[in-house]
Amino acid sequence: MDPTTRPAVVMDNGTGYTKMGFAGNVEPCFILPTVVALNDSFLNQSRTSKANWLAQHSAGVMADLDFFIGEEAFAKYRSSSIYNLRYPIEHGQVDNWDAMERYWQQCIFNYLRCDPEDHYFLLTESPLTAPESREYTGEIMFETFNVPGLYIAVNSVLALAAGYTTSKCEMTGVVVDVGDGASHVVPVADGYVIGSSIKSIPIAGKDVTLFIQQLMRERGENVPPEDSFDVARRVKEMHCYTCSDIVKEYNKHDKEPAKYIKQWRGIKPKTGAPYSCDIGYERFLGPENIVLSGGSTMFKDFGKRLQRDLKKIVDARALAFEAKLDAGVKSQPVEVNVVSHPIQRFAVWFGGSVLASTPEFFSACHTKAEYEEYGASICRSNPVFKGMY
């Protein structure tokens with residue numbers, strides 16, 4: 001069957017989580033932590049052993065089969081000491097291509113349960129990704145998985161497409177993308193990223209998690225060391241929020257601790273014994289000073305806080321500009337509109353789902369035939385969907 005008659009696979013690989021599913025759907029089929037648990041004992045055995053080639057080959061095959069991703073990876077790591085965790089993506093960039101290939105393998109065959117030769121693929125990348133990284137992605141997709149077509153989209157552009165609910169998608173705006181590994185402020189004009197104006201800092205959701213972990217450790221909370229990072233991550237996702245005044249929040253927690261201090265209950269991975277701990281000031285201290293796409297913008301009132309702070313900056317600049325003009329001349333007020341919506345946690349994936357459902361998508365993709373003729377360099381650039389504007 002012609003692959004263009006089937007929905008494309010849309011896969012948004014982030015530092016913290018991967019969202020994957022099929023074009024045309026409103027939500028991704030799966031949202032998994034971007035982590036791989038590998039059993040290195042087979043490979044270590046083959047490296048140190050003086051056995052014959054067949055034994056070493058068998059060890060390599062077993063290592064290829066014995067790996068897990070997502071929550072399964074965390075479970076294997078906590079329950080057994082023979083597994084090591086690998087994070088394929090660091091600060092928005094693929095750092096371990098071998099682990100990334102294994103991760104894609106599990107995503108395609110074990111979760112989406114599809115034949116990659118029967119579907120076009122839309123993958124995402126950070127706005128500051130190097131062209132060589134796109135080439136590596138193209139090589140893996142075309143050589144290992146034999147996909148018929150591939151499109152690599154900048155995640156900020158897809159998030160912008162997801163932010164509009166009208167039939168006409170304007171594709172022009174500023175995207176504040178705070179994920180798990182990096183924070184980007186990306187200006188987009190007619191679907192094109194203005195690269196020279198991108199602002200990026202390597203501080204994002206994972207740093208919030210580490211900060212919460214540190215706060216709980218310093219307060220002496222009874223959290224097992226091997227489980228502390230995962231507990232901090234879940235506390236961040238379930239209980240943290242953005243406040244407008246830190247002093248007021250401290251007073252509220254001190255006056256009514258029963259109302260604001262939460263309880264976390266868990267089970268120690270090694271002994272199976274239950275434990276509990278308090279969740280206090282880290283509820284609002286965690287996201288403080290972390291300056292809408294991405295899971296780390298889902299803190300309560302994040303959009304209101306961002307809009308308020310931006311409005312102050314814009315108004316101050318307007319007053320400064322008026323002071324330079326002739327007396328009696330006033331500048332027009334500038335409205336600050338922060339677009340927030342319930343799907344912003346997977347806005348990038350949803351934007352990819354929308355764009356991959358358009359007729360222009362398949363003509364914009366790089367095909368297997370083009371790859372075989374010109375090589376991986378075709379993946380260095382991807383055309384913008386002109387039909388959307």
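Which residues in helix 7 meet helix 8, and which residues in helix 8 do they meet? In helix 7 they are Gly205, Lys206, Val208, Thr209, Leu210, Ile212, Gln213, Met216 and Arg217, and their partners in helix 8 are Ser228, Phe229, Val231, Ala232, Arg233, Val235 and Lys236. Contact here means heavy atoms within 4.5 Å. By class, this contact holds eight nonpolar, four polar and four charged residues. Ala, Val, Leu, Ile, Met, Phe, Trp, Tyr, Cys and Pro count as nonpolar, Asp, Glu, Lys and Arg as charged, and the others, Gly among them, as polar.

The model is predicted: local features need pLDDT of at least 70 and side-chain atom pairs count only at pLDDT 80 or more, while totals for chains, interfaces and linings use all residues. Residues are numbered from 1 along each chain as its sequence is written, and side-chain values use heavy atoms, with hydrogens and water left out.

The protein chain as a whole has 15 helices and 17 strands. Both are DSSP runs numbered from the N terminus, helices being H or I with at least four residues and strands E with at least two. Of the 389 residues in the protein chain, 48% are buried; buried means under 20% relative accessible area, exposed over 50%, and partly exposed in between, with a 1.4 Å probe and protein chains only.

Two packed helices are described by the angle between their axes and the distance between the axes. Helix 7 (residues 205-218) and helix 8 (residues 228-239) pack at an angle of about 110 degrees, and their axes are 8 Å apart. Helix 7 is therefore roughly perpendicular to helix 8. Axes are lines fitted to C-alpha atoms, for helices over the stretch in contact, and angles run from 0 to 180 degrees between N-to-C directions. Angles under 35 degrees count as roughly parallel, over 145 as roughly antiparallel, 65 to 115 as roughly perpendicular and the rest as oblique.

A second pair is formed by helix 6 (residues 155-162) and helix 13 (residues 347-355), whose axes come within 7 Å and cross at roughly 80 degrees. Helix 6 is thus roughly perpendicular to helix 13. Asn155, Leu158, Ala159, Ala161 and Ala162 of helix 6 make the contact with Ala347, Val348, Phe350, Gly351, Gly352 and Leu355 of helix 13. These residues divide into eight nonpolar, three polar and no charged.

Attention now turns to single residues. Ala153 belongs to strand 10 (residues 149-154) and is buried, with a relative accessible area of 5%. Apart from neighbours within four places in sequence, Ala153 is in contact with Leu122, Leu123, Thr124, Glu125 and Leu158. Ala153 and Leu122 are 31 residues apart along the chain, yet their C-alpha atoms are separated by 7.1 Å.

Tyr281 lies in the loop between strand 16 (274-279) and helix 11 (282-285) and is partly exposed, with a relative accessible area of 31%. Neighbours within four places in sequence aside, Tyr281 is in contact with Tyr250, His253 and Asp254.

Most residues other than glycine have a negative phi. His91, which is not a glycine, has a positive phi of about 50 degrees. His91 sits in the loop between strand 7 (89-90) and strand 8 (93-94), and its relative accessible area of 41% makes it partly exposed. Asn146 is not a glycine either, and has a positive phi of about 55 degrees. Asn146 is found in the loop between helix 5 (131-144) and strand 10, and counts as partly exposed at 29% relative accessibility.
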